[in-house]
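Open your viewer and keep the selection panel handy. We will walk through the model one selection at a time, and at each stop I will say what is there.

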Amino acid sequence: MRKFEILGSKDTRSGFGAGLLEAGQADENVVALCADLTGSLMMDAFKDAFPTRFLQAGIAEANMMGVAAGLAIGGKVPFTGTFANFSTGRVYDQIRQSIAYSNTNVKIAASHAGLTLGEDGATHQILEDIGLMKMLPGMTVINPCDYNQTKAATIAIAKMNGPVYLRFGRPKWPVFISEDTPFIIGKALMLNEGTDVSIFATGHLVWKAIEAGHILAEKGISAEIINIHTIKPLDVEAVIASAKKTGCVVTAEEHQMNGGLGDSIAQLLALKMPTPLEMVAVNDSFGESGTPDELLVKYHLDSQDVADAALRAIARKV
Amino acid sequence: MNEYFCDFMRTVNELQTIATQVRRDILRMVYAVKSGHPGGSLGCADFLTALYFKYMKHNPSKFELTGNQEDVFFLSNGHISPVFYSVLARSGYFPVPEMATFRKLNTRLQGHPTTHEGLPGVRVASGSLGQGISVAAGLALEKKLNNDNSTVWVLTGDGELQEGQIWEAVMFSKHYKIDNMIVTVDFNQKQIDGSTGDIMGITELSSKFLAFGWEVLEMDGNDWNSMDTVIPQAQAKLGQGKPIVIIMKTEMGQGVDFMMGTHAWHGKAPSEEQMNNAMAQLPVTELGDY
């Protein structure tokens with residue numbers, strides 16, 4: 001099992017803020033909108049650098065999505081910023097009609113996703129957003145795993161044409177992807193080559209998958225760990241190749257089982273190459289208040305849960 | 001030298017001829033597929049004829065999605081697609097005969113307007129109500145960022161004003177001093193289930209917009225003299241720091257006697273007998289049927 005150097009502890013939303021500033025410096029067409037959460041989304045640096053290209057939209061997310069669509073029609077590259085909850089469910093019809101169906105070049109930046117939002121509780125801990133967004137035809141869905149990857153993803157999506165849902169989170173989290181790792185939309189990132197089980201992880205759970213890899217290594221199990229930062233379009237070749245090599249699969253994400261990464265991979269494998277598969281995800285329940293670490297343990301999204309799932313998957317191999 | 005398609009000298013007679021042909025197009029499209037929304041389309045035929053053939057500086061023969069340096073129109077109440085498609089075709093955005101494909105499989109003229117099939121003249125999908133002013137405000141801001149002095153027009157229904165997003169957009173537009181946009185409300189006081197007053201009152205409409213800090217004008221959208229007075233007044237108020245709304249009284253079903261004075265024709269096609277009756281009231285013009 002490869003050793004990962006922890007390069008720091010930073011929140012992924014700060015990676016977004018840094019990436020947005022850099023994208024804004026690189027392209028004057030990049031504009032940003034925020035629904036009264038500028039500080040939470042770490043958009044202040046962009047706002048200060050480009051005051052005329054930053055639009056405070058107030059607590060009116062539906063209008064913000066429509067305004068972003070209009071800006072994109074004219075040729076701008078708008079990023080909308082609010083919590084993942086208000087970036088998806090609250091404005092689903094606006095995204096569906098004015099952004100996805102109209103194929104407007106809007107980047108939906110969604111922070112505070114998942115249980116690791118913590119103490120604010122289930123009203124804000126959306127666990128359905130990946131499913132909502134991946135169902136929309138033409139929508140690219142990205143859930144980066146650390147500060148550096150979120151920054152790189154933000155810069156990458158500013159350069160592509162088409163609607164994107166970019167999901168990130170609130171807590172400080174280990175930084176382990178090097179700054180110079182290229183971010184290629186739609187390409188899985190191999191983190192550790194292994195032979196006994198494939199672990200496909202996204203977002204904060206990638207670090208938990210790495211910790212699980214060490215737990216498994218102590219038992220003499222060789223885990224292949226692959227970071228799926230782009231849930232849609234899914235890197236079909238990478239998933240099939242790894243599942244074929246190891247013969248069993250675990251998925252890990254901070255999302256409902258229904259509609260998440262695991263659901264995408266299960267569908268792919270069921271259709272192309274049935275393979276034993278275990279999911280680490282929230283099982284049809286809402287979250288609650290607590291610290292991120294407490295919540296990940298209670299809802300069975302911790303590193304030990306990923307390792308246990310790997311053992312179950314391996315036991316199911318024929 | 002005018003590179004745009006617009007003609008301020010066009011006479012009322014010429015506009016009337018176009019509007020009559022547009023009404024024929026609306027009914028023929030809806031009748032052919034036994035579906036669609038003739039009532040509101042007929043009511044707005046005069047206004048959209050005035051916009052597309054007289055007042056908007058636009059470029060039908062060289063359609064660009066971005067609408068840079070030209071006036072742009074958004075239809076927020078997308079269900080009145082028949083009138084939209086007719087003025088787009090008749091002003092040159094796409095071939096007139098293509099109207100025969102309305103609502104049929106593989107058409108670019110979808111039931112509600114969309115960019116998805118690439119129909120020139122459409123810049124965003126609409127049909128799910130309440131979204132058009134937000135999108136128009138976004139493009140209007142984009143024009144300001146680009147020092148583009150052209151105007152963004154948007155038409156909404158009056159029943160549509162029951163959607164909450166409308167009022168978010170109304171607040172936003174004032175806050176950002178979006179004074180390069182003219183919103184027109186099709187004030188026909190009817191919606192699918194009945195009169196707007198019975199379904200969900202939207203009373204004191206002028207006062208509502210005034211309270212949000214907008215410039216408010218009122219107009220009769222089925223009266224050429226009223227439009228020739230009020231549209232230039234609205235244009236004269238551009239660039240003065242306030243968004244502009246024209247509350248446009250229209251008659252749903254205007255031009256076909258049995259379709260007027262009722263909400264029944266919001267989304268219903270006529271029978272053969274009704275169609276013959278309607279066509280007799282709207283004789284074919286020199287422009288010819290599609």
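Two residues count as being in contact here if their C-beta atoms, placed from the backbone, lie within 7 Å. Keep that cut-off in mind as you go, and remember that this is a predicted model. Its scores are ipTM 0.96 and pTM 0.97. If you colour chain B by confidence, the average pLDDT is 96, with 99% of the residues at 70 or above.

**Stop 1: A:Ile199 and its core**

Select A:Ile199 and show what surrounds this residue. Setting aside neighbours within four places in sequence, A:Ile199 is in contact with A:Ala209, A:Ala212, A:Ala223, A:Glu224, A:Ile225, A:Val250, A:Ala252, A:Val306 and A:Ala310. A:Ile199 and A:Ala310 are also the residues with the most contacts inside the largest nonpolar core, a set of 188 residues. Which element gives the most to this core? Helix 3 of chain A does, with 9 residues. Domain 1 (9-175) and domain 2 (189-315) of chain A both contribute residues, so the core lies between them.

**Stop 2: the two domains of chain A**

Now colour chain A by its domain assignment: domain 1 covers 9-175 and domain 2 covers 189-315. The C-alpha centres of these two domains are 25 Å apart. Their contact takes 27 residues from domain 1 and 31 residues from domain 2. On the domain 1 side, select helix 6, strand 6 (140-142), helix 7 (147-159) and strand 8 (172-175), the elements that each give two or more residues to the side touching domain 2. By class, that side of domain 1 has 13 nonpolar, 10 polar and 4 charged residues.

**Stop 3: helix 8 of chain A**

Select residues 205-218 of chain A, which form helix 8. After helix 8 comes A:Gly220, with a positive phi near 80°.

**Stop 4: helix 10 of chain A**

Move on to residues 261-272 of chain A, helix 10. This helix has 12 residues and reaches 16 Å from its first C-alpha to its last, close to the expected 16 Å. Highlight A:Leu261, A:Gly262, A:Asp263, A:Ser264 and A:Ile265, which are buried. Their cover includes helix 6 (129-134), strand 10 (197-201), strand 12 (230-232), helix 9 (236-246), strand 13 (249-256) and strand 14 (277-282) of chain A.

**Stop 5: where chain A meets chain B**

Show both chains together. The contact takes 21 residues from chain A and 25 residues from chain B. On the chain A side, helix 3 (61-74) and helix 5 (92-101) each supply at least two residues. Helix 3 has the largest share, 10 residues. The side of chain A that touches chain B has 9 nonpolar, 10 polar and 2 charged residues.

**Stop 6: B:Phe73**

Finish in chain B by selecting B:Phe73, which sits in strand 1 (residues 72-75). Is B:Phe73 buried or exposed? B:Phe73 is buried, because 24 other C-beta atoms lie within 10 Å, and a residue counts as buried at 20 or more. Apart from neighbours within four places in sequence, B:Phe73 is in contact with B:Leu51, B:Met56 and B:Trp153.

Conventions: Residues are numbered from 1 along each chain as its sequence is written. Chains are lettered from A and ligands numbered from 1 in the order in which they are written. This is a predicted model: local features need pLDDT of at least 70, side-chain atom pairs count only at pLDDT 80 or more; totals for chains, interfaces and linings use all residues. Helices (H or I, at least four residues) and strands (E, at least two) are DSSP runs, numbered from the N terminus. The expected span of a helix is 1.5 Å times one less than its number of residues. A residue is buried if 20 or more other C-beta atoms lie within 10 Å of its own, exposed if 12 or fewer, and partly exposed in between; C-beta atoms are placed from the backbone. pLDDT is the predictor's confidence in each residue, from 0 to 100. Ala, Val, Leu, Ile, Met, Phe, Trp, Tyr, Cys and Pro count as nonpolar, Asp, Glu, Lys and Arg as charged, and the others, Gly among them, as polar. Domain bounds come from an automatic or database domain assignment. A nonpolar core is a set of buried Ala, Val, Leu, Ile, Met, Phe, Trp, Tyr and Cys residues joined through C-beta atoms within 7 Å.
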